[in-house]
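This report describes selected contacts and surface features of one protein chain. Please keep the sequence and the structure in view while reading.

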Amino acid sequence: MEIPPLFKQGASARVRVTIFALLSIVMLVVDARMHVLGTIRQGIGAALYPFQTVAMVPRDAAASVADYFTSVSALQKENQGLRQQQIVNSQLMQQERQLAAENAQLRKLLDMQQKVPVKSIVGEILYDARDPFTRKIILNRGSQQGVTAGQPVIDEVGIVGQVTRVFPFTSEVTLLTDKDQAIPVQVLRNGLRSVAYGRGQTGALDLRFMPANADIQKGDTLVTSGIDGVYPPGLSVATVVLMETRSADSFARIVCQPLAGIDRHRQLLILLVEQTLPPRPEPEAVDEKSAKLFKRRLRDSTRDTSADDANATPKDKPADERKGAANVTPPAAKESAR
């Protein structure tokens, strides 16, 4: 079957391969020897660059989308990790600040411990007392560490309270501002002595039963007087913040603010003061002694009265007794009359 002229392919494939191979060899030799095809190559590359860019757009877009989502996921993970690290760093920073504050407080207590002439130990507050109407705290020191009832508790500034109950490993401290607490004080400016009473939840102190003309001014500092034998003298207690006098009242109204950190610090100093006061006598013994003394005085007074009556002259006796003696007739006179 004869091939139609329309579909005739011209030269054979071998001839075309040979021709193109020879042409390539000639161009390689010419380019290597004469370097005349560099300009042509650059021109053709510049002309084809836009077509290359357009052809690369789908690939670049797909790569950009993949990079975007990868970056978003990586950023989210990094953000979450940074937030967790921030929380951890914040907790560590708070702990560091707390430790720094405790360290500073302990250093101040150490300095105060060296200044106080009595032996002392550091106690840490465990919790507040359960009674909401009292101002009491619980410390982690008890009778095993030498703590006894009545010992004062201070901080680096002054008096905080007094130990009221002691357990083997803990102790209860009644704060200075408790409504049932009282402490002998002395005005540092002039030495005037008084007693400061707590006001309960208000966190202040009262100087009760002070005359209206008492020499106390606003801003005066109160220190312990030491006359009670419990608190060492000279420890800071409070400062006067209010001084009111009224013409109708005999006593002044004096309100003081404690200087110590009543409700701020966690570490306190317990002064291991030994109670040197004599024991208080029992009420029954006092009553019996008073009764014996009264009977003795009554007996002595009776003896003295009887002795005075026996030694008294007729002039010293009462008129009624003299009249009675005059009306009595002697026995000899009665017999002579008979």
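This is a predicted model: local features need pLDDT of at least 70, side-chain atom pairs count only at pLDDT 80 or more; totals for chains, interfaces and linings use all residues.

Arg 189 is partly exposed at 39% relative accessibility, whereas Asp 220 is buried at 6%.

Side chains of opposite charge can pair when their charged atoms come close.

| Partners | N to O distance |
|---|---|
| Arg 165 and Glu 172 | 3.2 Å |
| Glu 244 and Arg 253 | 3.4 Å |

Glu 244 has a relative accessible area of 30% and is partly exposed. Arg 253 is likewise partly exposed, at 40%. Salt bridges with shared partners connect Lys 136, Arg 165 and Glu 172 in one network. Is Glu 172 buried or exposed? Glu 172 counts as buried because its relative accessibility is 6%, under the limit of 20%.

## The barrel

Six strands form a closed barrel in the order E6-E7-E8-E11-E10-E9, and their pairing is antiparallel. From one strand to the next, the twist averages 40°. Strands of a sheet pair through backbone hydrogen bonds, either parallel or antiparallel. E10 and E11 run antiparallel and are joined by six bridges. Val 240 lies opposite Cys 256 of E11.

## Aromatic pairs and a surface patch

A pair of aromatic rings is described by the distance of the centres and the angle of the planes. The model has two aromatic pairs. Tyr 68 and Phe 69 make an edge-to-face pair, with 5.4 Å between centres and 75° between planes; both residues are exposed. Phe 209 and Phe 251 are also edge-to-face, at 5.9 Å centre to centre and 85° between the planes. This pair links loops 42 residues apart: Phe 209 lies between strands E8 and E9, and Phe 251 between strands E10 and E11. Phe 209 is exposed at 59% relative accessible area, while Phe 251 is partly exposed at 47%.

Finally, Ile 40, Ile 44, Leu 48 and Phe 51 make up a nonpolar surface patch, whose accessible area together is about 420 Å². Ile 44 is located in helix H2 (residues 38–115) and is partly exposed, with a relative accessible area of 47%.

Note on methods
Residues are numbered from 1 along each chain as its sequence is written. Side-chain values use heavy atoms; hydrogens and water are left out. Rings of Phe, Tyr and Trp (its six-membered ring) pair if their centres lie within 6.5 Å; planes under 30 degrees apart count as stacked, over 60 as edge-to-face and the rest as tilted. Buried means under 20% relative accessible area, exposed over 50%, partly exposed in between (1.4 Å probe, protein chains only). Helices (H or I, at least four residues) and strands (E, at least two) are DSSP runs, numbered from the N terminus. Two strands pair if DSSP finds at least two bridges between them. Axes are lines fitted to C-alpha atoms, for helices over the stretch in contact, and angles run from 0 to 180 degrees between N-to-C directions. Patches are made of residues with over 30% relative accessible area and no salt bridge: like charges are joined within 9 Å, nonpolar side chains (Val, Leu, Ile, Met, Phe, Trp, Tyr) within 5 Å. Accessible areas come from the Shrake-Rupley method with a 1.4 Å probe; for residues, only the protein chains shown count as cover. A salt bridge is a side-chain nitrogen of Lys or Arg within 4 Å of a carboxyl oxygen of Asp or Glu.
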